[in-house]
Number of protein chains: 2
Amino acid sequence: MAIPRAARTQRRTRIQEEKEEQILEAALDVFSVSGFRGSTIDQIAEVAGMSKPNLLYYFRTKEAMHRALIDRVLFTWLEPLRAFNAEGNPESEIRGYIRRKLEMARDFPRESRLFANEVLQGAPHIEDELKGPLKELVDEKARVIRAWAKAGKIVKCDPYHLIFSIWSTTQHYADFDVQVRAVLGQGHSGEGRFEDAARFLEQLFVDGLSVRAKQPVS
Amino acid sequence: MAIPRAARTQRRTRIQEEKEEQILEAALDVFSVSGFRGSTIDQIAEVAGMSKPNLLYYFRTKEAMHRALIDRVLFTWLEPLRAFNAEGNPESEIRGYIRRKLEMARDFPRESRLFANEVLQGAPHIEDELKGPLKELVDEKARVIRAWAKAGKIVKCDPYHLIFSIWSTTQHYADFDVQVRAVLGQGHSGEGRFEDAARFLEQLFVDGLSVRAKQPVS
DNA sequence: TGTAATGTTTACCAGTCGGTCAAATTATCC
DNA sequence: GGATAATTTGACCGACTGGTAAACATTACA
């Protein structure tokens, strides 16, 4: 008799690895576009190229598939923030964070949209992750930023809103891609838009928009 | 015999006004949370406090309801950008735009999420609006910003990405509200977070993060 | 007040949804 | 190569989906 996936305590077979991989890949395609409610198992099955009952052999419910996907993607997604380093130079750390986040928006737009969809719809499946691991990580980095401000290495500002603004500006290019392309039109909607965005955001976050002499504080 | 709404050529009755209002209000509630695919007519009917066939008497399809809602909300939604004025002082115009967008995120979060859901899912129902009216409006304002830069009233920067960054940072507080609350925790998730955000964003967009002497250009 | 137009509801439909089951097929390992 | 476990499938289920038909109720207006 078949042993449903959830009951496995032994190590996984090669087929299990491969099929679960295949399913989660397809699930990312579908969930990232339509959100949890708007996606159907049939859609995912079709994208994955297997039958619906076969999907349900590996993940017993739609919920379980979503859960597994979130778990898998969340760790990677927070990598750039984790790399944010207190020892480094504030300006280059912030620059680097923006650049890495922008690269993720360019290279992993589906992952970005998966979370965007989820959070937008009230985060019913990831509330715990937001209030737990995410909050703790942000709290830690907020302390770093606050210390920089206190030491005069950076202007005094609210570290939480600083992080929010980096998240929003960078993820915008993944989540609102259609809008960005529509507004930029044929001319600038090629891959060059990420270069332009990077240039603009670095300028914004470092210097702001005011015209003023670049003169280091005494 | 009843005349379905779509066929009306005469002016609307009082009941039509009221019921359509009631329905669109409920539809905004539902669509803004679950997106088009994820929402059901039954949900909307329940929120509106009327029977499903009664909804369908006023809007013949789910699609028509969504369309009517988008049309109604889009105009208002672009108001702040339309108010952006070439004659004004660049710094205060930008400040004002940020403030107005932030007020909209605070006062009309459902409208923000409605669009966010739609764009996130590939904008299948509003592609024309994005490529038409929206693009034209942004093009116009981009020219204004570029003129400011050329006149030295503002730093040289890509006007499109400037507008994107204002959109994303402000709308973030509506679209990702759950995340913002989760990260800020009990302490700062009250209404005060909008004040904090406004303060931070004005600082960011005007001065950036670098520590440097505030010295107007000669 | 009567009546025609407008508005509302109950019952219903065909298609889709998430998920089950048992039978059939394939891989594994002695 | 055969027994056993793992994998895959087609048929199916009840609940829900968007939408319809027609009877019933209410309103507007002469």
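A search of the whole structure, a predicted model, finds 36 salt bridges over all chains, a salt bridge being a side-chain nitrogen of Lys or Arg within 4 Å of a carboxyl oxygen of Asp or Glu. Residues are numbered from 1 along each chain as its sequence is written, and chains are lettered from A, with ligands numbered from 1, in the order in which they are written. Local features need pLDDT of at least 70 and side-chain atom pairs count only at pLDDT 80 or more, whereas totals for chains, interfaces and linings use all residues; side-chain values use heavy atoms, with hydrogens and water left out.

One of the salt bridges in chain A joins the side chains of Glu21(A) and Arg72(A), at 2.8 Å from N to O. Glu21(A) belongs to helix α1 (residues 14–38) of chain A and Arg72(A) to helix α4 (residues 62–83) of chain A, so the pair ties together parts that are 51 residues apart in sequence. Helices (H or I, at least four residues) and strands (E, at least two) are DSSP runs, numbered from the N terminus. Glu21(A) is partly exposed at 40% relative accessibility, and Arg72(A) is likewise partly exposed, with a relative accessible area of 37%. In these terms, buried means under 20% relative accessible area, exposed over 50%, and partly exposed in between (1.4 Å probe, protein chains only).

A second salt bridge of chain A links Glu91(A) with Arg95(A), whose closest N and O atoms are 2.9 Å apart. Both residues lie in helix α5 (residues 90–107) of chain A, 4 residues apart, which is about one turn of the helix. Glu91(A) is partly exposed, with a relative accessible area of 35%, and Arg95(A) is partly exposed at 29%.

In chain B, a salt bridge is formed by Asp177(B) and Arg193(B), the closest N and O atoms being 2.7 Å apart. Asp177(B) lies in helix α9 (residues 177–188) of chain B and Arg193(B) in helix α10 (residues 192–207) of chain B, so this pair ties together parts that are 16 residues apart in sequence. Asp177(B) counts as buried at 11% relative accessibility, as does Arg193(B) at 2%. In chain A, salt bridges that share partners join Asp177(A), Arg181(A), Glu191(A) and Arg193(A) into one network.

Glu111(A), found in helix α6 of chain A, is buried yet has no salt bridge. Apart from neighbours within four places in sequence, Glu111(A) is in contact (heavy atoms within 4.5 Å) with Leu28(A), Val73(A) and Trp77(A).

The interface between the two chains was examined next. The size of an interface is often given as the accessible area lost when the parts come together. Here 68 residues of chain B are in contact with 68 residues of chain A. The area buried between chain B and chain A is about 6100 Å², of which carbon and sulfur atoms give 65%; buried area is the accessible area (1.4 Å probe) that two parts lose on being put together, summed over both. Within chain B, Leu120(B), Val183(B) and Leu209(B) lose the most area to chain A, together 12% of what that side buries. The count of salt bridges between chain B and chain A is 0.

Helix α1 (residues 14–38) of chain B spans only 32 Å between its end C-alpha atoms, whereas a straight helix of 25 residues would span 36 Å at 1.5 Å a residue. The expected span is 1.5 Å times one less than the number of residues. The helix α1(B) bends by about 80° at Ser32(B), the bend being the angle between axes fitted to the seven residues ending there and the seven starting there. Ser34(B), also placed in helix α1 of chain B, is buried at 8% relative accessibility. Beyond its neighbours within four places in sequence, Ser34(B) is in contact with Gln121(A), Ser39(B), Gln43(B) and Asn117(B).

Ala123(A) has a phi near 50°, a positive value in a residue other than glycine. Ala123(A) is placed in the loop between α6 (109–120) and α7 (127–150) of chain A, and is buried with a relative accessible area of 0%.

Conventions: Lys and Arg count as positive and Asp and Glu as negative; His and the chain ends are not counted.
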